[in-house]
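Student: I have a structure to go through with you. Can we take it topic by topic?

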Amino acid sequence: MADEVKIGTAPFDPRFPNQNQTKHCFTSFVDYKRCTKLRGEDYAPCKYFEKAYNSLCPNAWVEKWESQIEEGTFPTKI
Amino acid sequence: MGKGIGLSGMTWTSMKKHTAVIPLYALCAAGAGLAGFYLWRLAAKSPEVTWNRKTNPEPWNAYENKQYKFLSSGRDYTEASPAPKYK
């Protein structure tokens with residue numbers, strides 16, 4: 001096989017210790033948006049948040065939030 | 001106005017006449033105390049509760065390296081949250 005692809009999910013975060021990871025998903029998404037806004041798209045630590053919300057969040061939610069951001073109706077300040 | 005039962009059950013002297021009720025009162029008070037304590041703990045310490053959204057907008061950040069659960073086998077919470085700080 002070619003180089004083994006490392007598969008993983010968002011690591012354990014003590015702030016969200018329970019089975020319900022909704023807040024973890026939403027916080028990772030918001031942190032990604034804030035991180036890229038503050039530090040630019042290529043800032044490496046922002047990739048952690050991108051990987052986290054892509055693993056944790058249902059795609060439908062991400063699409064909904066992205067369209068809300070475009071319309072300016074996203075509920076949280078970025 | 002009838003005579004009523006007066007302060008029966010609410011004063012120490014009236015309780016002496018029905019001593020079996022005293023453990024009942026004590027356990028009820030203890031149960032109410034535990035329940036009240038747990039409600040206070042939820043209101044004051046829960047990682048998902050904030051009383052002032054201006055000064056504490058993200059209450060879960062207080063638990064980056066401590067444990068809220070009473071019982072969480074085997075997991076070391078003192079390692080900091082893996083999320084990088086970017087601010």
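Student: How many disulfides does a search of the whole structure find over all chains?

Tutor: Two disulfides over all chains, a disulfide being a pair of cysteine sulfur atoms within 2.5 Å. Before going on: this is a predicted model, where local features need pLDDT of at least 70 and side-chain atom pairs count only at pLDDT 80 or more, while totals for chains, interfaces and linings use all residues. Residues are numbered from 1 along each chain as its sequence is written, chains are lettered from A and ligands numbered from 1 in the order in which they are written, and side-chain values use heavy atoms, with hydrogens and water left out.

Student: Which residue does a disulfide join to Cys25(A)?

Tutor: Cys57(A), with an S to S distance of 2.1 Å. The pair links distant parts of the chain, 32 residues apart: Cys25(A) is in helix α1 of chain A, and Cys57(A) is in the loop between α2 and α3 (59-71). Helices here are DSSP runs (H or I, at least four residues), as are strands (E, at least two), numbered from the N terminus.

Student: Is that disulfide right-handed or left-handed?

Tutor: Right-handed, because the torsion about the S-S bond of Cys25(A) and Cys57(A) is about 120 degrees.

Student: And how many helices and strands has chain A?

Tutor: Three helices and zero strands, in the order α-α-α along the sequence. The C-alpha trace of chain A spans about 45 × 30 × 25 Å along its principal axes.

Student: Switching to the interface. How much area do chain A and chain B bury between them?

Tutor: About 1700 Å², 63% of it on carbon and sulfur atoms. Buried area is the accessible area (1.4 Å probe) that two parts lose on being put together, summed over both. The contact (heavy atoms within 4.5 Å) takes 19 residues from chain A and 16 from chain B.

Student: How many salt bridges across it?

Tutor: Two, by the rule of a side-chain nitrogen of Lys or Arg within 4 Å of a carboxyl oxygen of Asp or Glu. One of them pairs Arg34(A) with Glu58(B) at 3.3 Å, N to O.

Student: Which helices of chain A each supply at least two residues of the side that touches chain B?

Tutor: α1 (22-39) and α2 (45-56). The largest share, seven residues, comes from α1(A).
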